[in-house]
Amino acid sequence: MDAVNLIPLPVLLPLVGAGVAMCFPRSPRVQRIVSAISLSLVLVVAVLLVALSTAGPQALWVGAWPEGLGIVLVADRLSSLMVLVSSIVTITVLVFATRQDQDAGTREAPVSIFHPTYLVLSAGVANAFLAGDLFNLFVGFEMLLFASYVLLTLGAPRERVRAGSTYIVVSIVSSTLFLVAIAVVYGAVGTVNFAQMAERLPQLGEGIQLTIQLLLLTVFAIKAAIFPLSAWLPDSYPTAPASVTAVFAGLLTKVGVYAIIRLQTLLFPQSPLTDLLLWVALATMVVGILGALAQNEIKRLLSFTLVSHIGYMVLGIGLATEAGLAGSIFYVAHHILIQTALFLVVGLIERAGGSTSMSRIGGLASIPVLAVLFFVPAINLAGLPPFSGFLGKVALFQAGIAEGTPLAYALVFGGIATSLLTLLAIIRVWHRAFWEPAQEEHAEHRRLPASWLVTAGALVAVTCAISIVAGPLSTFSTDAAHDLRAQTYVTAVEEAVP
């Protein structure tokens with residue numbers, strides 16, 4: 001079998017698994033087995049795609065339509081890395097969620113609904129990363145969004161329905177804008193294929209180019225929760241079950257960041273709007289972390305830090321240099337794993353203390369394993385050495401200093417300040433939830449399921465492993481950034497046309 005035929009499998013395997021799982025609505029055990037097999041196979045394929053991409057971008061035209069009329073899927077270093085990291089997250093969260101759905105009648109995660117929907121979400125994320133045209137990217141977004149609507153409102157308590165309503169309205173608005181942008185692009189250049197767009201867009205007038213770029217940037221900024229289009233996120237994510245919140249926090253916004261990287265490097269490399277992106281990055285970092293410091297509820301606090309740290313990724317994109325892009329790619333991979341791990345640990349905190357409100361819990365340091373599981377990814381998020389958060393931020397700051405403009409220096413200063421404020425937010429959580437004694441009515445901590453501890457511990461171990469393999473990962477990220485700037489993507493797609 002030709003190796004490029006592996007490219008559709010991260011999309012097809014979860015979809016087939018979802019179909020099989022739907023056939024066994026009354027058999028939770030079967031659904032769990034089907035989901036585990038599907039996502040495990042995706043993880044294996046993702047590893048193979050990373051190895052395949054080192055030889056250069058690989059493209060596959062699905063359906064073998066002549067003259068480039070079909071759907072193209074592309075696996076280059078960036079997309080294959082994103083598929084690999086997302087597959088690690090989805091399989092880990094699935095194992096964590098297994099403990100929740102052992103009782104098929106629970107309102108937290110009805111198993112007959114959860115597993116098929118979760119597999120569709122995984123397929124949507126993979127499709128978005130591998131999509132080689134604008135409309136297929138839209139399809140990937142819609143797959144993961146429709147699945148996320150269901151997962152967000154599992155059990156249908158009032159607060160989840162309310163949060164889900166906000167999320168749905170924002171998503172519909174962004175999807176409508178996306179369709180408008182697709183229509184404008186097709187009307188202007190006669191194609192939505194990324195490689196063909198990259199060749200035809202420069203032939204348009206500057207005004208229409210700028211209109212298309214701003215339309216797409218707005219769409220992707222909403223999906224990535226970039227300030228000032230980020231207000232929906234802290235109200236939506238914290239109400240979902242721990243497993244759902246973890247996969248949302250880790251993956252969904254990063255798909256938007258990935259789309260911005262493609263937009264800026266492939267479609268508009270000569271008009272990067274660098275100043276706009278840098279100002280937005282600074283505002284996102286600062287406003288997000290200030291919002292986190294104002295929170296008393298740990299899930300909301302972490303949701304605001306999620307928004308804040310999206311700013312670091314936009315910083316690297318806005319610099320529009322190879323070093324900046326490499327730093328962003330490294331930081332995206334790091335942050336997907338760190339944010340997912342933290343939200344899984346918060347699920348443990350909620351289980352142990354009965355709440356995630358810092359005014360209602362305390363004394364959690366009496367559970368040493370929980371204290372360690374929170375402390376390690378938390379200081380990684382804050383960027384303390386020798387962890388990957390520190391290494392990623394240093395790479396971004398070095399790229400900013402190398403740029404040498406006053407705005408770039410302001411971003412470096414803002415990034416350092418944001419790191420210090422993130423550390424302050426983490427210290428507040430540590431002091432109030434772990435060190436301060438619990439109030440009498442909440443003094444007795446509930447027992448934590450061993451499967452949850454093992455799963456969260458495994459993901460925390462993976463986040464530590466990133467620091468150990470930071471050298472190879474940094475090299476891979478640099479090579480990925482070089483590919484993005486060298487436009488090898490376009491050549492690979494053109495050569496693969498049937």
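This is a predicted model: local features need pLDDT of at least 70, side-chain atom pairs count only at pLDDT 80 or more; totals for chains, interfaces and linings use all residues.

Residues are numbered from 1 along each chain as its sequence is written, and side-chain values use heavy atoms, with hydrogens and water left out.

Let us begin with helix α1, which covers residues 9–22. Helices here are DSSP runs of H or I with at least four residues, strands are runs of E with at least two, and both are numbered from the N terminus. The expected span of a helix is 1.5 Å times one less than its number of residues. For the 14 residues of α1 this gives 20 Å, and the end C-alpha atoms are 20 Å apart, so the two values agree. Which residues of α1 are buried? They are Pro10, Val11, Pro14, Gly17, Ala18 and Ala21. These residues lie on the same side of α1, because they cover an arc of only 140° around the axis; the arc is that of the directions from the helix axis to the C-beta atoms. Buried means under 20% relative accessible area, exposed means over 50%, and partly exposed is in between, using a 1.4 Å probe and protein chains only.

On a 1 Å grid over the protein atoms alone, a cavity is a set of points where a 1.4 Å probe fits but cannot get out, while a pocket is an open set with protein on both sides within 12 Å along at least five of seven lines; lining residues have an atom within 4 Å of a point. Grid points are joined across faces, edges and corners, and a volume is the space filled by probe spheres set on the points.

The second largest pocket holds about 250 Å³ of space. Its lining has 14 residues, and those nearest its centre are Leu81, Leu84, Ile466, Val469 and Leu473. Two or more lining residues come from each of α3 (77–98), α13 (322–353), α17 (450–468) and α18 (470–486), and α3 gives the most, with 4 residues. What classes of residue line this pocket? There are 14 nonpolar, no polar and no charged residues. In this scheme Ala, Val, Leu, Ile, Met, Phe, Trp, Tyr, Cys and Pro count as nonpolar, Asp, Glu, Lys and Arg as charged, and the others, Gly among them, as polar.

Helix α13 also contains Gly353, which is buried, with a relative accessible area of 11%. The C-alpha atoms of Gly353 and Ala433 are separated by 9.1 Å, although the two residues are 80 apart along the chain.

How many cavities of 30 Å³ or more does the whole structure have? The search finds 5. The largest cavity has a volume of about 120 Å³, and 13 residues line it, with Leu145, Tyr167, Ser171, Lys223 and Trp232 nearest its centre. The helices α5 (134–152), α6 (158–189), α8 (206–224) and α10 (242–267) each give two or more residues to this lining, and α6 has the largest share, 4 residues. By class, the lining of the largest cavity has 9 nonpolar, 3 polar and 1 charged residues.

Next, look at the backbone. Most residues other than glycine have a negative phi, and most peptide bonds are trans. In the loop between α8 and α9 (232–236) we find Pro228, which is joined to Phe227 by a cis peptide bond with omega about 5°. Ala225 is in the loop between α8 and α9 as well; its phi is positive, near 60°, and at 0% relative accessibility Ala225 counts as buried. Ala320, in the loop between α12 (298–319) and α13, has a positive phi of about 60° and is partly exposed, at 28%.

Finally, the cysteines. A disulfide is counted when a pair of cysteine sulfur atoms lies within 2.5 Å, and the count by this rule is 0. Cys23 is exposed, at 59% relative accessibility, and Cys464 is partly exposed, at 26%.
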